[in-house]
Amino acid sequence: MSLKLISPQEARDLLSHGAVLIDIRGTDEHAREHISVARHMPMEHLKDAAPLDAVGGVIFHCRSGNRTQINAQALSAYAACDVYGLAGGLDAWKKAGLPVVVDASQPMELQRQVQITAGTLIVMGTALGATASLWFLVLPGFIGAGLVFAGVSGFCGMARLLMRMPWNRRAVGR
């Protein structure tokens, strides 16, 4: 079975005929903003789930559609019926004027927090290295090495540290 990409309007029509919408994003992303009728099943948990089956098919979605397309083959294997991907993901759903549930009290997605923190430290280290002391250039080098290590190993120390911050501990799973 292959993953056919469909528009938000086509997805809405399929949902009215018994299809099931599955949000494959992480828990932090889903908590902040999601489609009310979507079932949350993060990509990493799908491999342990029983095959999905729905009369109208199963529609997978992420934020932009990229994760859904990258994982198309694996997602197709998780369903025992017609399988679809929401083209453009949650972003396209919102752009089409379809409703979403937003909880602004939830923290920003962890990946975005890492990007903001790493970027800020790199800019600060570079600026201080250019104006105060060349030793400050160690900071952007250290952050860059950490990001490379995270990409290669799958372990991000900065993300682990940010997860422990008070604003991230309070929200998800209330």
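Author: Five strands make up an open sheet with parallel pairing, in the order 1-6-5-2-4, where helices (H or I, at least four residues) and strands (E, at least two) are DSSP runs numbered from the N terminus, and two strands pair if DSSP finds at least two bridges between them. Strand 1 (4-6) and strand 4 (39-40) are the edge strands, each pairing on one side only. This is a predicted model, in which local features need pLDDT of at least 70, side-chain atom pairs count only at pLDDT 80 or more, and totals for chains, interfaces and linings use all residues. Residues are numbered from 1 along each chain as its sequence is written, and side-chain values use heavy atoms, with hydrogens and water left out.

Within the sheet, four bridges join strand 2 (residues 20-23) to strand 5 (residues 58-61) in the parallel sense, and Leu-21 stands opposite Ile-59 in strand 5. Helix 1 (residues 8-15) packs on the sheet, where it touches strand 1, strand 2, strand 5 and strand 6 (83-86), contact meaning heavy atoms within 4.5 Å.

Turning to helix 7 (residues 110-131), its buried residues are Leu-110, Gln-113, Val-114, Ala-118, Gly-125 and Gly-129, buried being under 20% relative accessible area, exposed over 50% and partly exposed in between (1.4 Å probe, protein chains only). Seen down the axis of helix 7, these buried residues line one face because they fall within an arc of 120 degrees, the arc being that of the directions from the helix axis to the C-beta atoms. They pack against helix 2 (27-32), helix 8 (138-153), helix 9 (157-163) and helix 10 (166-169), whereas the face turned away from the buried side carries the exposed residues Val-123, Ala-130 and Thr-131.

Technical notes. Axes are lines fitted to C-alpha atoms, for helices over the stretch in contact, and angles run from 0 to 180 degrees between N-to-C directions.
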